[in-house]
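User: Could you walk me through this structure? I would like to begin with the conventions and then go through the elements.

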Amino acid sequence: MGAALEQFFIFVGLLVCLVYLVKWGRFSRYIFRHFWKVLPKSFLKSMGQWAVITGAGDGIGKAYSFELARRGLNVVLISRTLKKLQAAATEIECTTGSSVKIIQADFTKDNIYEYIREKLKGLEIGILVNNVGMLPNLLPSHFLDTPDEIQNVIHCNITSVVKMTQLILKHMESRQKGLILNISSGVALFPWPLYSMYSASK
């Protein structure tokens, strides 16, 4: 019995080591990029002429918009603040020379997707970046003290990903190519007691 138990624990230990070895291999690709095969610069552009980025007025969304435009794609910026969209669009056009379209839409609402569909009609969209997201409260708070914005958070953090993917995926499927990138958050990986609603929605 003792020998069998010892063999079992050795097997479990080897399995754990193997899992972490695979994780290290994946992680090392980001650290030692020049040792790994890198996709050609034309790869992203080969997916389609346009990239659509939600929550593109500032932050991560704006950074993705700049980088995709820098790599030769035209970009569609979607966000709710028109002034930020216009400023980002002007900056991207002047810096990269790519074409930029803007769509003002509030992702806390559920009735915006037909409007977005019309605005995207006729564009060859190769990349979708689902980036938009919101916190129910900037300050840490207990779940029962969360402001009454539950539906807004669900629409913005969950519904937007599903609906935008449905809008664009069918065209990618017909062309047999395309990339969809869903931006999440580190708080989605494990429980955050004072950000429980945001963590669950990501």
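Analyst: Helices (H or I, at least four residues) and strands (E, at least two) are DSSP runs, numbered from the N terminus. This is a predicted model, in which local features need pLDDT of at least 70 and side-chain atom pairs count only at pLDDT 80 or more, while totals for chains, interfaces and linings use all residues. Residues are numbered from 1 along each chain as its sequence is written, and side-chain values use heavy atoms, with hydrogens and water left out.

User: Which residues does the "transmembrane region" annotation cover?

Analyst: In the unreviewed UniProt entry, that annotation covers residues 6–24 and 179–198. Such annotations may be inferred rather than shown by experiment.

User: How much helix and strand is in residues 179–198?

Analyst: That stretch is 15% helix and 20% strand, and its end C-alpha atoms are 26 Å apart. Residues 6–24, by contrast, are 100% helix and 0% strand, with end C-alpha atoms 27 Å apart.

User: What is the strand order in the sheet?

Analyst: The order is β3-β2-β1-β4-β5, an open sheet of five strands with parallel pairing; two strands pair if DSSP finds at least two bridges between them. Because β3 (100–104) and β5 (179–182) stand at the edges with a single partner strand each, one side of each has no neighbour in the sheet.

User: How many bridges link β1 and β2?

Analyst: Five bridges join β1 (residues 50–54) to β2 (residues 74–79) in the parallel sense. Val52 stands opposite Val76 in β2.

User: Which strands does α6 touch?

Analyst: Helix α6 packs on the sheet against β1, β2, β4 (125–130) and β5, where contact means heavy atoms within 4.5 Å. The direction of α6 makes about 160° with that of β4; angles run from 0 to 180 degrees between N-to-C directions, and axes are lines fitted to C-alpha atoms, for helices over the stretch in contact.

User: And at what angle do α5 and α6 pack?

Analyst: Helix α5 (residues 113–120) and helix α6 (residues 150–175) pack at about 35°, with their axes 11 Å apart. Among the residues that meet there are Tyr113 and Arg117 in α5, and His155 and Met164 in α6.

User: Changing topic: is Ser79 buried or exposed?

Analyst: Ser79, which lies in strand β2, is buried, with a relative accessible area of 14%. Buried means under 20% relative accessible area, exposed over 50%, and partly exposed in between (1.4 Å probe, protein chains only).

User: What does Ser79 touch?

Analyst: Leaving out residues up to four places away in sequence, Ser79 touches Gly55, Ala56, Gly57, Leu85, Ile103, Gln104 and Ala105.
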